[in-house]
Amino acid sequence: MNMKLVLAVGAALCLGIGAVHAADEPQVVRQAMMKKIGGAMGALSKIAKGEEAYSADTVKASLTTIDETIKAFPEQFPEGSETGMKTEASPKIWEDMDGFKHEAAELAEVAEAELAAMPADPAAVGATMKKLGAVCSDCHESYRMKK
């Protein structure tokens, strides 16, 4: 077999294994979770701004995504994941894990309450976004490093 081919296949396998390993890193998982929440907030924002028509299904799916994702989010901050993978997580998370978990629980509570009330029009979705955004902002202010 051609030695160059063997080396190329070996290198490709190593890169593939490295990519799979990186995907399991808590920093990567939590960044994906934040993007998922951001996508849900974006969908709500489009409705609130009138860029998309009101859709109860979209509102319900977005609030459910926020609720479910934020509940699992604090578990993605194990000791040793404070640095690496371009994390924006502040060291304060590990210094005040109880406070961080409280912020996540508060966002889940707001999402659940809004889901139960089910905003019925773009104005109500806008009001929901203000409530969610206030909790998000507080957490980011305290537990995310400034860019």
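Me: What makes the charged end of Lys-92 count as sitting over the ring of Tyr-143?

Reply: In this predicted model, the charged end of Lys-92 is 5.4 Å from the centre of the Tyr-143 ring. The rule asks for NZ of Lys within 6 Å of the ring centre and within 35 degrees of the ring normal. The charge of Lys-92 is listed as sitting over the ring.

Me: Which cluster does Tyr-143 belong to?

Reply: Ring pairs join Tyr-143 with Phe-73, Phe-77, Trp-94 and Phe-100 in a cluster.

Me: How many aromatic pairs are there?

Reply: The count is five aromatic pairs. Phe-73 and Phe-100 form a pair with ring centres 6.1 Å apart, and the limit for a pair is 6.5 Å.

Me: Why is the pair of Phe-73 and Phe-100 called tilted?

Reply: The planes of the two rings stand at 50°. Stacked needs under 30 degrees and edge-to-face needs over 60, and the rest count as tilted. The pair of Phe-73 and Phe-100 is therefore tilted.

Me: What makes this pair a link between distant parts of the chain?

Reply: Phe-73 lies in the loop between α3 (56–72) and α4 (92–95), while Phe-100 lies in helix α5 (residues 97–117). The two are 27 residues apart.

Me: How do you know whether Phe-73 and Phe-100 are buried or exposed?

Reply: Buried means under 20% relative accessible area. Phe-73 has 7% relative accessibility, so Phe-73 counts as buried. Phe-100 has 3%, so Phe-100 counts as buried too. Of the 147 residues of the protein chain, 31% count as buried.

Me: Which elements make up the protein chain?

Reply: The protein chain has six helices and zero strands.

Me: Why is α2 called roughly antiparallel to α6?

Reply: Helix α2 (residues 26–48) packs with helix α6 (residues 122–143) at an angle of about 150°, and their axes are 8 Å apart. Angles over 145 degrees count as roughly antiparallel, so α2 is roughly antiparallel to α6. Among the residues making the contact are Met-34, Met-41 and Leu-44 of α2, and Val-125, Met-129 and His-140 of α6. The crossing of α2 and α6 is left-handed.

Me: What makes α3 roughly antiparallel to α5?

Reply: α3 and α5 pack at about 155°, with axes 9 Å apart. The cut-off is over 145 degrees, so α3 is roughly antiparallel to α5. Where they meet, the residues include Leu-63, Ile-66 and Ile-70 in α3 and Ala-104, Leu-107 and Leu-115 in α5. α3 also passes α5 in a left-handed crossing.

Definitions and conventions: Residues numbered from 1 in each chain as written. Predicted model: local features only at pLDDT ≥ 70, side-chain atom pairs only at ≥ 80, totals over all residues. Heavy atoms only, no water. Phe/Tyr/Trp six-rings, centres within 6.5 Å; stacked < 30°, edge-to-face > 60°. Helix = DSSP H or I, 4+ residues; strand = E, 2+ residues; numbered from the N terminus. Buried < 20%, exposed > 50% of the residue type's maximum accessible area, 1.4 Å probe, protein only. Axes fitted to C-alpha atoms, helices over the stretch in contact; angles between N-to-C directions. Parallel < 35°, antiparallel > 145°, perpendicular 65-115°, else oblique. Left-handed = near helix turned anticlockwise from the far one by under 90°. Contact = heavy atoms within 4.5 Å.
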